[in-house]
Amino acid sequence: MSSKSNDQGRAYEYACIIELKDRIEDKRPVTIDKESVLAARRAWKTQDEIQQQTHLRAADAFIDTLFSAEPLILEYDGTNNDVVVLSINKDSDAEGGDVRDIVITRNTIRWDIGLSMKHNHFAAKHSRLSSKIDFGMKWYNLPCDTSYWNTIKPIFAKLQSLKDEGFAWHDMPDKEDSVYFPIVDAFIKEMNRAYKVDSTIPARLISYLLGIRDFYKIVAIDKDRLTEFQSFNLRGELNKDGKKTKATLIIPKADLPTEIISLRFKPNSKSTAELFLNNGWSLSFRIHNASTIIEPSLKFDIQFLGVPANIITVNCKWR
């Protein structure tokens, strides 16, 4: 991710913190964990006034929908200790499997919800492949087979040699045939092999992509003046009723996949695999170089092509 994109993403998170505090404090006590938002606040200051207003409109658009799904945010027991706390997760939390960016908690009850903030993109993850990264072990706790390593290691060794000589990716016109295709092919064969060994891999793959905690994904789409609100309620952690107030937007629990229906190359592509699972899940894995100069590693841009019908999506238009 470029520095500009990273700053815009963090600034969007800070805009959401600002808007949430503004909307919540009309109803009940709320505070911001100031230390957790320092990086986002610095990024916010790099944005010009027009971009700041764009972030604020994107943040404001989904908040009523969030309140309708999560009444515990606004419910207040009347005591001094009952304060809503708004915070931003550390990057290390994502490395540990918690993909939520913003976390909302209350001091007096054991409850929290999280938001995964996306600014003008829908990628689920950008996972790296190399001669040393065992994606099977990292993604679903089953090591890759010898045949996978025998295929990919010579390719990455060649990339290392080209890097040492200072070559750029545009100097390699055959990269789709000599690099992308054989690596994606090895990936497809390895995942299909692993599934024959362990039938729980589909569920564990989705858990790797979506993390260890349920969340709402909030995607700002600036060009459409729209914010997409999407629920990932895989464990039933979301949509809890309060003592006095019930949710008016019902968020059902979504089923994890249990079967791989198909994993193959996308038609007419040498760099993208498509995975079709049961229970409504499907994904694409597009491999690409993440730099100008050749490196002995590549990245997957992983995106959801389809999700179960009981994952609720609400398109929230900006005011």
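Five strands make up an open sheet, ordered β5-β11-β10-β9-β8, with antiparallel pairing; strands here are DSSP runs of E at least two residues long, helices are runs of H or I of at least four, and both are numbered from the N terminus. Two strands count as paired if DSSP finds at least two bridges between them. At the edges sit β5 (125-130) and β8 (260-265), each pairing on one side only. On average, neighbouring strands of this sheet are turned by 20 degrees against each other, direction ignored. Angles run from 0 to 180 degrees between N-to-C directions, with axes taken as lines fitted to C-alpha atoms, for helices over the stretch in contact.

This is a predicted model, in which local features need pLDDT of at least 70 and side-chain atom pairs count only at pLDDT 80 or more, while totals for chains, interfaces and linings use all residues. Residues are numbered from 1 along each chain as its sequence is written, and side-chain values use heavy atoms, leaving out hydrogens and water.

Inside the sheet, β10 (residues 282-288) and β11 (residues 297-306) run antiparallel and are joined by seven bridges. Here isoleucine 287 stands opposite phenylalanine 300 in β11. Helix α7 (residues 175-197) runs at about 165 degrees to β8, and helix α8 (residues 201-210) at about 105 degrees to β11.

Now for the aromatic rings. A search of the whole structure turns up 19 aromatic pairs. Rings of Phe, Tyr and Trp (its six-membered ring) pair if their centres lie within 6.5 Å; planes under 30 degrees apart are stacked, over 60 edge-to-face, and the rest tilted. Phenylalanine 135 and tryptophan 139 have ring centres 5.1 Å apart and planes at 65 degrees, so this pair is edge-to-face. Both residues lie in helix α5 (residues 135-140), four residues apart, about one turn of the helix. Phenylalanine 135 is buried at 0% relative accessible area, as is tryptophan 139 at 4% (buried means under 20%, exposed over 50%, partly exposed in between, with a 1.4 Å probe and protein chains only).

Tryptophan 169 and tyrosine 180 form a tilted pair, 6.4 Å centre to centre with 40 degrees between the planes. Tryptophan 169 belongs to the loop between α6 (146-164) and α7, while tyrosine 180 is in helix α7, eleven residues apart.

One aromatic cluster includes Phe135, Trp139, Phe187, Tyr208 and Phe300.

Technical notes
Contact means heavy atoms within 4.5 Å.
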